[in-house]
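Q: I am new to this structure. Could you take me through it step by step?

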Amino acid sequence: MTNQNVVVPDTKSGINLPMVRLSGSSIFPATAQKPPTAPGTGGGGCISLSTKKKLLLENLEINGGGGGGARINSWIDSMRASSPTHMKSSSQSLSEDQQLPWQQQQQQITLPSAMDNFDQIMEASRGKQIVMFLDYDGTLSPIVDDPDRAFMSKKMRTTVRRLARCFPTAIVSGRCRDKVYKFVRLAELYYAGSHGMDIKGPNQGTEPVICQPASEFLPMIDEVFKELVAKTKLTPGAKVENNKFCVSVHFRCVEEKKWSEVAEAVKSVLKKYPKLRLSQGRKVLEIRPTIKWDKGKALEFLLESLGFANCTDVFPVYIGDDRTDEDAFKVLKEREQGFGILVSKVPKETNASYSLQEPTQVMDFLQRLVDWKKLAFQESRM
């Protein structure tokens, strides 16, 4: 099977998106057979979003509505809302009657454990090809103050290597693809960096799968990176990271009273670039192209590249901890195939169906998958 160049027009920006795909399959897969509903998720495996918090998190646009001060205050509220530790301390300091509706809802919503429901997940995958999608930061490695030191453990690397021998496996990260590869160092995996805007498959004797739908934005991203470095250099703790097709501004180590400085810096730069947009992760503001591409689109592209675009016998499992992973969780819900697994110690609003608490539990879940595959293989030979 040979790779073939195709172009997908983006209706929002008017930009043609070049990509490479395997011939004989469509770009976006059709809905397939619905898997069993995860317990406690209200039928669709999706927890309804709290209106107040959703509006806060989506209110990160530069243009339209409100004065500059009001807009920055909205950004600060959104930055607080994205911080699990801040939300926890705020909730603890208020009585239940004093808490905002979304704070009360967060305390009530819990996802079933993927470990406790492992057998049910495996039963749903029976007769289907499991395909694994893994976020990196907060999923395979712990969240750390210095993003350059987010190393995965040797034991986790060994587990992921074993996983890839059993199932097609991809790392889907907001990081630059080259950078996340240096962390993982496993050549047999698929890597989707920059929130899926930079995809490359393993070299397996044929031309590797490649997809870079935002390549023409590279000069613009470099300009924004340099400007943000200059704008934030006087804010202690602020760190600007060039992730090739997006720029990440980390404020994890910035005192909360100085978050407004970070927001002002990002706003002043971003307003000059209408073809770029702002999104938000865990204590990070991210600037990326306005094209309709995200981790969900990356998941669909990889499934197609693997030959599973219109298959009913595929079972994708996506594990991630960040808001940007919600795009992939949503795709799985809409496809009615596989499950999303959220990595979090606290209840969150999500489209995922199950949860794991931290990277060590992710490692245990992945090892259990490997053991299950080995047992199934042994039983098939008896």
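Q: To begin, is Cys166 buried or exposed?
A: Cys166 counts as buried because its relative accessibility is 19%. Buried means under 20% relative accessible area, exposed means over 50%, and partly exposed lies in between, with a 1.4 Å probe and protein chains only.

Q: What should I know about the model itself?
A: This is a predicted model, in which local features need pLDDT of at least 70, side-chain atom pairs count only at pLDDT 80 or more, and totals for chains, interfaces and linings use all residues. Residues are numbered from 1 along each chain as its sequence is written, and side-chain values use heavy atoms, with hydrogens and water left out.

Q: And how many disulfides are there in the whole structure?
A: The search finds zero; a disulfide is a pair of cysteine sulfur atoms within 2.5 Å.

Q: How many helices and strands does the protein chain have?
A: It has 12 helices and 14 strands. Both are DSSP runs numbered from the N terminus: helices are H or I with at least four residues, and strands are E with at least two.

Q: What share of the residues is buried?
A: Of the 382 residues in the protein chain, 53% are buried.

Q: Changing topic, where does Asp145 lie?
A: Asp145 is in the loop between strand 3 (129-134) and helix 6 (154-166). Asp145 is exposed, because its relative accessible area is 56%.

Q: Which residues does Asp145 touch?
A: Leaving aside residues up to four places away in sequence, Asp145 touches Arg252 and Cys253. Contact means heavy atoms within 4.5 Å. From C-alpha to C-alpha, Asp145 and Gly237 are 9.3 Å apart in space, although 92 residues separate them in sequence.

Q: What is the order of the strands in the open sheet?
A: The four strands follow the order 8-9-11-10, with antiparallel pairing. Strand 8 (239-242) and strand 10 (276-281) stand at the edges with a single partner strand each, so one side of each has no neighbour in the sheet. Two strands pair if DSSP finds at least two bridges between them.

Q: How many bridges join strand 8 to strand 9?
A: Four bridges join strand 8 to strand 9 (residues 247-250), and the two run antiparallel. Asn242 stands opposite Val247 in strand 9.
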